[in-house]
Amino acid sequence: MPDRTDLQQGGTRVAEPEVGGGSEEYLFDTGSDLGKQHVALLEHLLDEPTLRTLQGAGVREGSRCLEIGAGGGSVARWLAERAGPSGHVIAVDLETGHLDEFPGIDIRRQDIHDGLPDDGPYDLIHARLVLAHLPRRRELLRDLVAALAPGGWLVLGELGDRPMTVLSAPTESDAALFTYMQHLSLEVVSPARGLSMTWAAEVPEQMAAAGLVDLHGLQHSETARGGAAGSLLHRNLNMQAEPMLREAGATTAQLTRYRELLLDPSFMAWFYEFVCVRGRRPA
């Protein structure tokens, strides 16, 4: 990983800038056109490992489920299909414009900073890429556990901090540029906006401390080639965060070349590490 004081980028030593002093604002706006693409790419990339973890939570006919950060609704629909007509799914998000009506799903526009839609109890609560953005993440995890029915499951999916190593690039300077841009994104801009890339590693310990048992987790990552979904998500996030990246020191030339690189099929790197963990409240 790049040194946090300076970074060798394309042969030039770049001083690490300081951006803000921390913020409770969300880093991305999923209500925009870029946000709609962002949500769709996340579903394409992360639904398979997410659903694999949820299957172990035994959602069945009559289950009452809470889906936090519902995005485009793919996981909420999966839950509703399994809970059936006697079950119920509450799908919560700050931006519900991407959520279509679906039998068994109650759509709520809400920020969980303000509390849960109701006190439950729920047979299953799922949140993907939500708590890492929130300063009160540990307290909120305990609130989620308290809202579980006896025997209910909490399933959390977050991005880990494993380095996204470049495997091939047109030039060495392109490889260095990708590394530099990830450094700015993950170690400068994200912390300044309250996003924790180390939270995923804490989740199992925090679940156990909150009294959950039968913990099970998976780590998932794939290679991302230029033009494929993983690289398109990198490009999308870079475009959404452009003002903050510029404040952190990224130049127009760097942003332009980075986005070109992510469309180039000769480029390949490891994608984000996705960590998904489930735990059960004792019956």
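Q: Before we start, what does buried mean here?
A: A residue is buried if its relative accessible area is under 20%. Also keep in mind that this is a predicted model.

Q: Okay, so how many residues of strand S6 are buried?
A: Six of the seven, with S6 covering residues 122–128. The strand is therefore largely enclosed by the rest of the structure.

Q: Which strands pair with S6?
A: One partner is S3 (residues 64–68), paired with S6 in the parallel sense over four bridges. Another is S7 (residues 148–159), joined to S6 by six bridges and running parallel with it.

Q: How does the chain get from S6 to S7?
A: It goes through helix H3 (residues 137–146), and this β-α-β crossover is right-handed.

Q: What's the whole sheet like, parallel or mixed?
A: The pairing is mixed, in an open sheet of seven strands ordered S5-S4-S3-S6-S7-S12-S9. At the edges stand S5 (105–109) and S9 (213–220). Each of those has a single partner strand, so one side of each is left without a neighbour in the sheet. From one strand to the next, the twist averages 15°.

Q: And which strands does H3 touch?
A: H3 packs on the sheet and touches S3, S6 and S7. The direction of H3 makes about 145° with that of S7.

Q: Is Leu129 buried or exposed?
A: Leu129 is buried, with a relative accessible area of 17%.

Q: What about Asp214, where is that one?
A: Asp214 sits in strand S9. Its phi is positive too, at about 55°, although Asp214 is not a glycine. With 45% relative accessibility, Asp214 counts as partly exposed.

Q: Switching topic: which strands make up the sheet with three strands?
A: That open sheet has the order S8-S11-S10, with antiparallel pairing. S8 (166–168) and S10 (223–225) are at its edges, each with a single partner strand, so one side of each is left without a neighbour in the sheet. The twist in this sheet averages 25° from one strand to the next.

Q: How many bridges join S10 to S11?
A: Three bridges, with S10 and S11 (residues 268–270) running antiparallel. One to look at is Ala224, whose bridge partner in S11 is Ala269.

Q: Now helices. At what angle do H4 and H8 pack?
A: About 110°, with the axes of H4 (residues 172–192) and H8 (residues 252–261) 10 Å apart. The two helices are therefore roughly perpendicular to each other.

Q: Which residues make that contact?
A: On the H4 side, they are Asp174, Leu177, Phe178, Tyr180, Met181 and Gln182. H8 brings Gln254, Leu255, Arg257, Tyr258 and Leu261. By class, the contact has seven nonpolar, two polar and two charged residues.

Q: I'm also curious about His234. Which residues does it touch?
A: Leaving out residues up to four places away in sequence, His234 touches Met164, Phe178, Gln182, Tyr258, Leu262, Phe271 and Tyr272. His234 itself is found in helix H6 (residues 229–240).

Q: Buried or exposed, that histidine?
A: His234 counts as buried, at 3% relative accessibility.

Q: Last one: where is Gly62?
A: Gly62 lies in the loop between helix H1 (33–55) and S3. Gly62 is partly exposed, with a relative accessible area of 33%.

Q: And what does Gly62 touch?
A: Not counting residues up to four places away in sequence, Gly62 touches Ala83, Ser86, Gly87 and Asp123. The C-alpha atoms of Gly62 and Pro85 are separated by 7.3 Å, while these residues are 23 residues apart along the chain.

Note on methods:
Residues are numbered from 1 along each chain as its sequence is written. This is a predicted model: local features need pLDDT of at least 70, side-chain atom pairs count only at pLDDT 80 or more; totals for chains, interfaces and linings use all residues. Side-chain values use heavy atoms; hydrogens and water are left out. Axes are lines fitted to C-alpha atoms, for helices over the stretch in contact, and angles run from 0 to 180 degrees between N-to-C directions. Angles under 35 degrees count as roughly parallel, over 145 as roughly antiparallel, 65 to 115 as roughly perpendicular and the rest as oblique. Contact means heavy atoms within 4.5 Å. Ala, Val, Leu, Ile, Met, Phe, Trp, Tyr, Cys and Pro count as nonpolar, Asp, Glu, Lys and Arg as charged, and the others, Gly among them, as polar. Buried means under 20% relative accessible area, exposed over 50%, partly exposed in between (1.4 Å probe, protein chains only). Two strands pair if DSSP finds at least two bridges between them. A crossover is right-handed if, with the strands pointing away from the viewer, the path from the first strand over the helix to the second runs clockwise.
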